[in-house]
Each structure stands twice: as C-alpha cells, then as structure tokens.
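Here is a short report on the packing inside one protein model. It covers the nonpolar cores, then the aromatic rings.

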Amino acid sequence: PVGDTQIRRLINSIVLEEESDVDADGNPASHYEMYLDAMKQSGANTSPIERFVADVSENNIPSVSEGIDGFLKSTFDVIDSGEAHKIASAFTFGREDLIPDMFISMIKRMNIENESKFDQIIYYFERHIEVDGDSHGPMALDMIKNLCGSDPLKWEEAISASKSALQKRISLWDGINLQIIQNEKALM
C-alpha cells in the first residue's frame with residue numbers, strides 16, 4: 001500500500017463500482033455496460049460510442065465536437081499535471097459532487113414522461129446518485145481536505161481546478177444541448 005489510506009479506499013471503491021457494479025437484475029456489469037444496455041433499450045444508436053471507446057482503447061482520442069473535445073482535453077491536462085490536489089478537485093467538483101443533483105432532475109423528468117422504455121437508464125442514473133452521493137462524494141471531499149491540508153496555495157489551485165472543470169462541464173452540456181436542438185430542427 002502506498003499513500004493515504006482514505007485516498008486508496010476512495011480510488012478502489014470507485015474502480016470497483018465503475019467496473020464491476022451490479023445491474024438492475026443483480027448481474028455484475030460495469031457502468032459503461034449498463035449505459036450501453038440502457039441506450040439499446042431506448043432505441044439509441046450505440047455504434048458511435050462503441051467506436052469512440054474502441055479508438056480510445058487504442059490510445060487514439062478522436063475529435064467529436066468542440067464541447068466534448070474541450071472537456072476531454074481539460075480532463076487529461078489536469079491528469080497530466082500530476083498534481084493530486086488539482087486532480088482530486090476537478091474530479092470531485094466536476095464529477096462526483098455534481099452528478100447526483102444533475103441525474104436527480106433527469107430522473108424526475110423521465111419518470112413523468114416515459115414508461116418502461118427507460119427503466120435501465122433510470123436505474124443507471126439512480127445507481128450513480130446512490131454511489132456518488134452516499135459514499136464517493138463525501139470521501140472525495142475528505143480527500144481534498146487531506147491533500148490540501150493547511151496549504152493556502154494548494155487550496156487556491158484546487159479551487160481554480162474545480163472552476164475550470166465546471167466550466168468545461170458546462171461547455172460539454174451546452175454543446176450537447178445545441179446538438180439536440182439542431183437534430184430536433186432537422187426532424188421538423
């Protein structure tokens with residue numbers, strides 16, 4: 001074992017639950033596999049994401065769109081910095097702390113507007129809310145406290161990293177929203 005015990009526990013917990021959680025039927029599945037199954041259930045075309053993941057697996061990150069490309073670049077820039085407090089802050093505030101609230105509003109709307117066509121994606125969202133909100137989020141906040149300690153420069157850098165991650169997340173969702181609007185207009 002290397003490093004802080006709480007950080008190790010958080011990382012191992014995230015890997016365990018992202019890579020080998022259980023689906024709605026209690027079968028082992030990664031969150032990616034659950035997401036693909038939910039997309040298929042709803043009739044979505046999964047070939048673009050499957051192609052993208054295959055490319056990434058070969059260390060080729062293809063260009064998708066301005067918002068997605070910017071989000072990915074900023075994510076890898078923070079990772080490549082090698083500065084744990086910045087990585088933890090971007091991860092915590094750009095993902096773990098943000099996702100539960102974002103997914104809750106989506107689920108409420110989906111439950112009102114749809115029937116069983118979306119039960120797998122609703123389970124996927126609910127699972128993320130449970131895992132991120134109940135354990136990963138609080139553990140991630142503790143991790144940032146441990147990494148920054150009483151160092152004001154680290155806290156300033158952590159805040160900057162989290163703001164940047166949130167800005168890139170907003171750009172990502174704005175880009176997706178624009179694409180949805182353009183697709184809807186094309187169908188009219």
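## The largest core

Nine residues make up the largest nonpolar core: Ile7, Leu10, Ile14, Ala88, Ala140, Met143, Ile144, Cys148 and Ala158. Such a core is a set of buried Ala, Val, Leu, Ile, Met, Phe, Trp, Tyr and Cys residues joined through side-chain atoms within 4.5 Å. Buried means under 20% relative accessible area, exposed over 50%, and partly exposed in between (1.4 Å probe, protein chains only).

Helix H1 (5–19) and helix H7 (119–148) are the elements that give two or more residues to this core. H7 gives the most, with 4 residues. Helices (H or I, at least four residues) are DSSP runs, numbered from the N terminus.

This is a predicted model: local features need pLDDT of at least 70, side-chain atom pairs count only at pLDDT 80 or more, and totals for chains, interfaces and linings use all residues. Residues are numbered from 1 along each chain as its sequence is written, and side-chain values use heavy atoms, without hydrogens and water.

## A second core

A separate core holds 8 residues, including Met34, Ala38, Ile121 and Tyr124.

## Aromatic rings

Rings of Phe, Tyr and Trp (its six-membered ring) pair if their centres lie within 6.5 Å; planes under 30 degrees apart count as stacked, over 60 as edge-to-face and the rest as tilted. There are 2 aromatic pairs. Tyr35 and Tyr124 form a tilted one, 5.2 Å centre to centre with 45° between the planes. Tyr35 lies in helix H2 (residues 31–41) and Tyr124 in helix H7, so this pair ties together parts 89 residues apart in sequence.

Tyr35 is partly exposed, at 31% relative accessibility. Tyr124 is buried, at 12%. Tyr124 also pairs with Phe125, again tilted: 5.8 Å and 50°. Phe125 is buried too.
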